[in-house]
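Reader: Could you walk me through this model, one question at a time?

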Protein chains: 4
Amino acid sequence: MIRVGVIGCGYWGTNLLRNFAEGASCGLAAASDLVAERLAVAKRRYPGVKAAADAAALIEDPAIDAVAIATPVSTHYELALRALQAGKHVLVEKPLAAKSEEGKHLVEEAERRGLTLMVDHTFLYTDSVRLIRELIHGGELGELYYYDSVRINLGLFQHDVNVVWDLAAHDLSILEYVVPQRIRAVSATGLTHVPGSPEDIAYLTLHYDDSLIGHLHVNWLAPVKIRRTVIGGSRRMVVYDELEPSEKVKIYDRGITVEEGSEEAYQLLIGYRAGDMLAPQIGLTEALKGVVSEFARCIETGARPRTGGPEGLRVVRLLEAAGRSMANKGAPIEVPDEG
Amino acid sequence: MIRVGVIGCGYWGTNLLRNFAEGASCGLAAASDLVAERLAVAKRRYPGVKAAADAAALIEDPAIDAVAIATPVSTHYELALRALQAGKHVLVEKPLAAKSEEGKHLVEEAERRGLTLMVDHTFLYTDSVRLIRELIHGGELGELYYYDSVRINLGLFQHDVNVVWDLAAHDLSILEYVVPQRIRAVSATGLTHVPGSPEDIAYLTLHYDDSLIGHLHVNWLAPVKIRRTVIGGSRRMVVYDELEPSEKVKIYDRGITVEEGSEEAYQLLIGYRAGDMLAPQIGLTEALKGVVSEFARCIETGARPRTGGPEGLRVVRLLEAAGRSMANKGAPIEVPDEG
Amino acid sequence: MIRVGVIGCGYWGTNLLRNFAEGASCGLAAASDLVAERLAVAKRRYPGVKAAADAAALIEDPAIDAVAIATPVSTHYELALRALQAGKHVLVEKPLAAKSEEGKHLVEEAERRGLTLMVDHTFLYTDSVRLIRELIHGGELGELYYYDSVRINLGLFQHDVNVVWDLAAHDLSILEYVVPQRIRAVSATGLTHVPGSPEDIAYLTLHYDDSLIGHLHVNWLAPVKIRRTVIGGSRRMVVYDELEPSEKVKIYDRGITVEEGSEEAYQLLIGYRAGDMLAPQIGLTEALKGVVSEFARCIETGARPRTGGPEGLRVVRLLEAAGRSMANKGAPIEVPDEG
Amino acid sequence: MIRVGVIGCGYWGTNLLRNFAEGASCGLAAASDLVAERLAVAKRRYPGVKAAADAAALIEDPAIDAVAIATPVSTHYELALRALQAGKHVLVEKPLAAKSEEGKHLVEEAERRGLTLMVDHTFLYTDSVRLIRELIHGGELGELYYYDSVRINLGLFQHDVNVVWDLAAHDLSILEYVVPQRIRAVSATGLTHVPGSPEDIAYLTLHYDDSLIGHLHVNWLAPVKIRRTVIGGSRRMVVYDELEPSEKVKIYDRGITVEEGSEEAYQLLIGYRAGDMLAPQIGLTEALKGVVSEFARCIETGARPRTGGPEGLRVVRLLEAAGRSMANKGAPIEVPDEG
């Protein structure tokens, strides 16, 4: 039984607490939060857990094997580094760190010490995303044309990251997991509508070597909640809607056909092919349960996590590129391939 | 009764034929199409109409007062110019012309001759778009934050224009009508997935002087049809969905609130306000009926059409800017304010 | 070319006019309507057509081969009878007649004279309904459990028939076509909310010999339009939604499983099986085009129409049974099997 | 702080455990379940709670003030009676009891002892249902025409109650709360499709003195989950959809208009009025939290609960009437007004 301490008992930390408390191979041993009230709630719910305002105490506690960090992004680096240095395995809420240099350091530190460093890119542990990866990697969609995601809703504003770091981080982690091609450059445009606040709406265009294009719309100021990704391929197309209660992934047997042209005026040379739609049955297991299992499996076996340090660092690099592009009127910013 | 001749009896021409045939102040007098079969269908349906393969005959016919042109974009200029020169009033399918110089010439020609030149930007004659204009101009939405449109579906590919000229032309005409601010620059990225064909997917970002941002996603390769515009304002937000059978415009009493900050860690300074949603009853009159009425009204009174030559030219300028941006890796292309 | 005269140029008659005018093997030759304005509209649209206020003139016209009747239900019998007696083939708007005795007489008259008598049960000519019939008859759904239809919207009130004769007539014709079993008895409850008007809301329960149950909800007073049928079977289940733009028929690989019981307390013996959903591509040809083709085919070949007199009479018998049940507090009314 | 013991730690019991554990005025003190595994899970999650396999021990425990019963319906009576006799306040999962005599006895017992007896008709503690009640009681809908509910989904089969007792119990409790009129009689038709199992699909018609009609469709064998109630009134109409994420209650300014008739043939006398739709902002507080608060409030003040014994008994009487009607081919069964 891996004894885990959770740092940060806010919205996401609460979910971590529950999943570690109820998980099979991990056990919840300690919790920490600077806000006394939150810590009290956690303590009331899990009376057997050690509660400490100070994260350092938790990190240094020899009775703790691993640490899960669900604090503001700006604190990820320091907390994760101290935990690794204290010999703990680390699960960090996404994104891994606020800067790629920090992320790189964490990856190296974990590597050197032989510790598991994992980022909680939750969606990669849903059956929907796994199915989409299989469809693409198995060639079911044919040649990829585009990957278009809309992830918008009202709030919550965060004061230490903008909407790109908050929402697009999800899309970038999914995209890199399901698409075999690598993003070469990122263009982004973002705006803030509250003076002094980070960007609340942004559009990202992702450039590839071939004729694949990626595009993300993230927005904290939308009156409705939309979570929809459309993926176009030469053989089939997919609509992935997280908010659909049961038919989250729809596979359309649709595409284009190129016919022999004719001489006749106004004639269209290209048509479309419209076929059936299939919505496979999707398991509804909570994704975070899969995160916890993967974390435990990697600690026990030394395996590399699906969303380990390098994958988390890659997302940070992409987020940084988006930020630089936003500061440069949307100019494409290249992203190096290596970590 | 204004006697109208329709040039081009394809998909849209068929709708024009019907609306002129049944309109009150206009009458359908002649039809022309290079494709014999189409002309035969039109002739069978409207036996009293003069049918001619040659558009020139129709244009020169002294029994014709006005001409409606629903042919490929590349032919708009020549046909419209000849019609104006023959003293006919002209209604052109959108966009006005394939180049802004051509459009400018048409505007000047119509001006000089005192003829009505109108572009069939159909959506501006729907109750939905008129309502949205009133909401924005009346201050109901407050300060505008963003205008985001998704207009995607499968096909139809067109061989003489790309998806921007086909689909974004709708959005640009709507946007310029409902938003008081002027677009200053356009950034666009587009791709083609059929060698030798025009772009089939594109993203346009529209830049303004203030913190308003516009964004359009147009796509001929989507497995599902989406026609949805989200407009964010400081007081209210609108979702406009053309495909909704009855609730096409939804007004959300939602927005952000900026509260006094506190010293407490992790505290959010900005919240959101969630209120009621109102979907006003929308009239379902066919928009093209309004186009035909407006055309007749302007011919009879000499009034300037809601979608006259200058408005049509403005859309062409924006489309050209998008094209230039696509050729320049998405660099913002400025759009001059004047015609 | 079969020369057809259309009696009644209202909402549905207008669609008949258009389909006969544009059909391949039928031609529109004459039109009749008591309302002068409607007739004028028809005449303007189809100038070559003979227009007569008096239906009798149309019926007696030797230049007419067949008559399509789209008048109020109460006039179907007399008009259809006169047309058959004048040697014309007859297509009647649904339902066939206002009483089963009238319907029976029409069936006999057409039989005796060797004329085609067909009822315009339009939905049987959609690809959706044909697909559902194939699924059920081919055993794809397994044993049928239930057939549940909701067909509700606002208006239009009709003064000569109630909501059952107006809307449930559609469902009953579909149901009898797609389900092999025969309805044995009908229970119905209906209410009127406008004094002196026919029922505006009704619920019909359809009883079978086996454990299949049918149920229809029809309603002229609903704020939203719903057209949805759910069909449950032991192997698969179908949701048929006419208003879905493309995925009108969804086939769910879902059902129940009966497991070996255990002794443990509270244990559930029966579970459910949740599998994929498939929405086959559905053709979108206008159903009325199929009606017109079928009418022409039967006239030309002497074949029995899919929705001939006997099928139309069966629907009238079911509607009558519903009426008797409504008058008897919902008591089940048996429906004889024979015509 | 009221010390509560929860009997039954299954699906719903788990929710009760959580709400009592986290509630303000109640505290979770004990839990009981015949299934050892469930009890272990509860014990692990709430280590401070007394766990007992035997409900009797919990009921007799003097450290317990109140008991919440979430066991199969057939056991409600005995457990609740013993708890009342032991001087405990009682919250029973719906329905109150398996028979009205049992329910009546419980109501009398609680009355005699001055104890709070409450039924967990959860939906009455949602903001949606409260809003609908206010709209109807405030006259916003005008004269009520109909109340139509569809509550269908796949599973879960229950072995001790049929689909009416499981699902229609929700609708009947809501209906009696929001509609001022009293149900006079119930007609019902139900079928089972698994030999030896309770009915899995049923239709209930609810008769009133005036021209209001109620109708419920409940179904455990539907491939899709639907939770939708349509309420028609002379002034406005409501669509209530529990599954809508934010717009759960939509108020349509629609209805019928009765115009002066004319002499013209085929003229419709009755039209419809189509106006705006308003979806008020609905609070999303968990309903069960409101149940727990109401239970505590009534225990502390002696107030009668919104869903007390008499209200629960009324629902049982209606369910019994439905059962008798199902056994009598759908014949209407009168329901006495008094408890």
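Author: Gladly; a few words on conventions come first, then your questions.

Author: This is a predicted model, in which local features need pLDDT of at least 70, side-chain atom pairs count only at pLDDT 80 or more, and totals for chains, interfaces and linings use all residues. Residues are numbered from 1 along each chain as its sequence is written, while chains are lettered from A and ligands numbered from 1 in the order in which they are written.

Reader: In what order do the six strands of the open sheet in chain A lie?

Author: Strands here are DSSP runs of E with at least two residues, helices are runs of H or I with at least four, and both are numbered from the N terminus. Two strands pair if DSSP finds at least two bridges between them. The edges of this sheet are strand 3 (50-52) and strand 6 (117-120) of chain A, each pairing on one side only. With parallel pairing, the order in chain A is 3-2-1-4-5-6.

Reader: Which residue of strand 4 of chain A is the bridge partner of A:Gly5?

Author: Strand 1 (residues 2-7) and strand 4 (residues 66-69) of chain A run parallel and are joined by four bridges. In strand 4 of chain A, the partner of A:Gly5 is A:Val67.

Reader: What angle does helix 4 of chain A make with strand 5 of chain A?

Author: Contact means that the C-beta atoms of two residues, placed from the backbone, lie within 7 Å. Axes are lines fitted to C-alpha atoms, for helices over the stretch in contact, with angles from 0 to 180 degrees between N-to-C directions. Helix 4 (residues 76-85) packs on the sheet, touching strand 1, strand 4, strand 5 and strand 6 of chain A, and its direction makes with that of strand 5 an angle of about 170 degrees.

Reader: Is strand 7 of chain A largely enclosed or largely open?

Author: A residue is buried if 20 or more other C-beta atoms lie within 10 Å of its own, exposed if 12 or fewer, and partly exposed in between, with C-beta atoms placed from the backbone. Strand 7 of chain A is joined to strand 11 of chain A by nine bridges, running antiparallel, and to strand 10 of chain A by seven, running parallel. Because 10 of its 11 residues are buried, strand 7 of chain A is largely enclosed by the rest of the structure.

Reader: Which strand gives the largest share of the side of chain A that touches chain B?

Author: The contact takes 49 residues from chain A and 49 residues from chain B. On the side of chain A, 31 are nonpolar, 15 polar and three charged; Ala, Val, Leu, Ile, Met, Phe, Trp, Tyr, Cys and Pro count as nonpolar, Asp, Glu, Lys and Arg as charged, and the others, Gly among them, as polar. The largest share, six residues, comes from strand 11 of chain A.
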